[in-house]
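Here is a short briefing on one protein model. Look over the sequence and the fold, then work through the points below.

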Amino acid sequence: MVSSSGSSFDLLCCLVVLLILPFSSLSSDPDSLQDFCVADLNSSISVNGFPCKPDAEVTSDDFFFDGLIKEGNTTNIFGSKATIGNVLAFPGLNTLGISMNRVDFAPGGLNPPHSHPRASESGVVIEGKLLVGFITTNNVYHSKVLTAGQMFVIPKGLVHFQLNVGEGKARTITAFNSQLPGAVIVPLNLFASTPAIPNGVLTKAFQVEENVINAIKSKLGS
């Protein structure tokens, strides 16, 4: 026979689990507690977002952004350009847990292997043909060639890339479940950091001679 005290304890445990589960399943920025919080980018304080601009100073323009209209300049070593639409460029996104980028590609252009530590990414190809790929933490590579109108998703924190495999220009619009997803660009982080990662670390990691590391650093501007 089960005691009433034991049943009460089991019920209490179940209630605690039910209360905790929703919090542990959150996968984006914290929810806002007000209608909006347009970022005060001039503030020196920032903890998971910026302080709010006073309501009396908020205007309609704070909720509209035309920064993704212009084509990005792809004349660089990778042949691609990401135009960023996060909270730093669009203060109205503050506390809303969303942002968007535009990425332009020259023929043969590459958005180099990178990751977003604070967000999952979804995107749609607007123009051209792109090879989109990502690598899991088990070193499994998933990829597909996409054309205009097709979408892709990159799970949070995984290394991924897009390569223009078409004959002309290409363009994507990507969305993130964070106002400031961050970007860890693998080749630049490894070979063009300030201060530089010691060559001994890189030669051992990639199992190559030091002259190879120096050649890569010189091409990336380190």
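Helices (H or I, at least four residues) and strands (E, at least two) are DSSP runs, numbered from the N terminus. Leu188, for instance, sits in helix H2 (residues 186–191). This is a predicted model, in which local features need pLDDT of at least 70, side-chain atom pairs count only at pLDDT 80 or more, and totals for chains, interfaces and linings use all residues. Residues are numbered from 1 along each chain as its sequence is written, and side-chain values use heavy atoms, with hydrogens and water left out.

**Two residues and their surroundings**

- Buried means under 20% relative accessible area, exposed over 50%, and partly exposed in between (1.4 Å probe, protein chains only).
- Leu188 is partly exposed, because its relative accessible area is 29%.
- Contact means heavy atoms within 4.5 Å. Not counting residues up to four places away in sequence, Leu188 touches Phe78, Ser193 and Leu220.
- Pro113 is 75 residues from Leu188 along the chain, and their C-alpha atoms are separated by 9.8 Å.
- Thr74 lies in the loop between H1 and E1. Its relative accessible area is 16%, so Thr74 is buried.
- Thr74 touches Gly79, Ser80, Lys81, Asp104, Phe105 and Ala106, again not counting residues up to four places away in sequence.

**Strands and sheets**

- Two strands pair if DSSP finds at least two bridges between them.
- Strand E2 (residues 99–105) is mostly covered, with six of its seven residues buried.
- E2 pairs with strand E1 (residues 80–85) in the antiparallel sense, over six bridges. Met100 in E2 is the bridge partner of Gly85.
- E2 also runs antiparallel to strand E9 (residues 170–176), and seven bridges join them. Here Phe176 in E9 is the bridge partner of Ser99.
- Which strands form the open sheet, and in what order? Five strands do, in the order E6-E5-E8-E3-E10, with antiparallel pairing.
- Strand E6 (141–147) and strand E10 (184–185) are the edge strands, and each pairs on one side only.
- Strand E3 (residues 110–115) and E10 pair in the antiparallel sense over two bridges. Val184 in E10 is the bridge partner of Ser115.

**The disulfide**

- A disulfide is a covalent bond between the sulfur atoms of two cysteines. Here it is counted as a pair of cysteine sulfur atoms within 2.5 Å.
- How many disulfides does a search of the whole structure find? The search finds one.
- The disulfide is formed by Cys37 and Cys52, with their sulfur atoms 2.0 Å apart.
- Cys37 and Cys52 both lie in the loop between helix H1 (4–24) and E1, so the pair ties together parts that are 15 residues apart in sequence.
- The torsion about the S-S bond of Cys37 and Cys52 is about -105 degrees, so the disulfide is left-handed.
- Is Cys37 buried or exposed? Cys37 is buried, because its relative accessible area is 3%. Cys52 is partly exposed, with a relative accessible area of 40%.

**Aromatic pairs**

- Rings of Phe, Tyr and Trp (its six-membered ring) pair if their centres lie within 6.5 Å; planes under 30 degrees apart count as stacked, over 60 as edge-to-face and the rest as tilted.
- The structure holds four aromatic pairs.
- One of them is edge-to-face: Phe36 and Phe63, at 5.1 Å centre to centre with 75 degrees between the planes.
- Phe36 and Phe63 both lie in the loop between H1 and E1, so the pair ties together parts that are 27 residues apart in sequence.
- Phe36 is partly exposed at a relative accessible area of 29%, and Phe63 is partly exposed at 35%.
- Phe65 and Phe90 form a stacked pair, 5.1 Å centre to centre with 10 degrees between the planes.
- Phe65 lies in the loop between H1 and E1 and Phe90 in the loop between E1 and E2, so this pair ties together parts that are 25 residues apart in sequence.

**Nonpolar cores**

- A nonpolar core is a set of buried Ala, Val, Leu, Ile, Met, Phe, Trp, Tyr and Cys residues joined through side-chain atoms within 4.5 Å.
- The largest nonpolar core has eleven residues in all, among them Val103, Phe105, Val132, Phe134 and Ile154.
- E2, strand E5 (129–135) and strand E7 (151–154) each give two or more residues to this core. E5 gives the most, with three residues.
- A second, separate core of five residues includes Phe50, Val87, Phe90 and Leu93.
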